[in-house]
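Hello,

Here is the structure I promised to pass on to you. Please have a look at it first, and then read on for what turned up in it.

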Amino acid sequence: MEDQMVRTLSVGLSQKGVRDHNERLLLSLIQRNDAIAGSDLAKLAGLSPPTVSGILRRLEAEGLIERGDPVRGKVGKPSIPMRLAAGGAYSFGLKIGRRSADLILMDFRGGATGRLRVTYDYPVPEKVLEFLKSGIKDLTAKMTPEAIARISGIGIAAPFEMWNWTDLDGAPAKSFQSWRDVDLVAEVAKVTSLPVMVMNDATAACQAEHTYGRGPDFRDYAYFFIGAFVGGGIVLNNSVYAGRQGNAGALGSLRSISPLGESMQLVDTASIHQLETRLREVDIDTRQLWDDPESWDRLARYVEPWLLQTAQELARASLSICAVIDFEAIVIDGSFPESFREELVSRVRRYVVTQDTRGLIPPKIESGSIGGAARAQGAACGPIREQFLLNSNSSA
């Protein structure tokens, strides 16, 4: 059973007055293991069985956890695993992207109880905020008052300084630039009284992967999310590390070199934006990349060179990252069909082998598991983690 358990998140504290820490610890261990018996929780947390039993009783009474099916086959009484109660808490997650905005209402286990999307040529604050306002109303319309009272807050995932990432001109560019003066927390507070937290969109995607995807597989890893623009996140000590200003893991800003030898950033050489540019040059509608997954197969003659370049760039960037921190893995995900993600990861693996790795221990190159929903799901995870789960990298 040890192989199936999460790597130790922390150690428990038995002193009086630290119940909040221990509750968060047990909830985190339950979340990472899906379902786990109290005796196993006590071993992982370093707490006494009576202490764990008391905490589990309180959490069950509060509706945060529930009992799973008894596990028989061992000596003694059947073991009863505990799991998070889906209705124990909810949270909204809003992803503001270059081509679309997504809003989900997520339950305590990470399932989406409702999902909405709006697409656009470019985002403007008024349109996005109106989408959020109407979306909250729609997604809560059939919820009971008791369930609504369990909504923890709204997490918002958006690129930092998105006004700098546009090739628009004229009136559209002016509208896009209006994001510079928008205080998202203040604006959303006009729509709802729920707590609001804003995070970098790629960091949010990393949080979703770490919490609901392959996070339990690795202790320390770097994460790439390939969207309209490539971004990233880093995980240290089993927790996503956001950094002093929330911008740690800004992997899209890693240095790269153009075919002409010009200094560029990874965001300029390994983003879906490059594929969009190629399609526009031959008058092909780029919106199908986001609205129709099958278009990636139809557009193979344009996707293939993009995959080639992106894989090469990610291979070099992966080794550069590992020169700073000895990550055991690089996890790659993005807003494209799963088959193309697997092909991209396979190519990155091959290119890493051909690179000069003197002085480095090459990391494992692994696929993410969530895909295009990662940013909205990670945003929704923010308020839930803030209120219920443990963060090993918290400065608190």
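**Salt bridges**

Across the whole structure, a search finds 22 salt bridges, each being a side-chain nitrogen of Lys or Arg within 4 Å of a carboxyl oxygen of Asp or Glu. Before the details, please note that this is a predicted model, in which local features need pLDDT of at least 70 and side-chain atom pairs count only at pLDDT 80 or more, while totals for chains, interfaces and linings use all residues. Residues are numbered from 1 along each chain as its sequence is written, and side-chain values use heavy atoms, with hydrogens and water left out.

One of the salt bridges joins the side chains of R316 and E313, at 3.1 Å from N to O. These two residues are three apart in helix α12 (residues 300–322), which means that about one helical turn separates them. Helices here are DSSP runs of H or I with at least four residues, strands are runs of E with at least two, and both are numbered from the N terminus. R316 is partly exposed, with a relative accessible area of 39%, whereas E313 is buried at 7%. (Buried means under 20% relative accessible area, exposed over 50%, and partly exposed in between, using a 1.4 Å probe and protein chains only.)

Helix α13 (residues 338–354) holds another pair three residues apart, E338 and R341, again about one turn of the helix. Their closest N and O atoms are 3.8 Å apart. E338 is exposed, with a relative accessible area of 54%, and R341 is buried, with 7%.

R358 and D356 also meet through their side chains, at 2.6 Å from N to O. Here R358 is exposed at 71% relative accessible area, and D356 is partly exposed at 49%. There is a network as well: salt bridges link R214, D217, R349 and E366.

**Helix α14 and the whole chain**

Do look at helix α14 (residues 374–388) too. Its 15 residues reach 20 Å from first C-alpha to last, close to the 21 Å expected at 1.5 Å a residue (1.5 Å times one less than the number of residues). Of these residues, 13 are buried, so α14 is largely enclosed by the rest of the structure.

As for the protein chain overall, its secondary structure comes to 14 helices and 15 strands, and 51% of its 396 residues count as buried.

Enjoy exploring!

Best wishes
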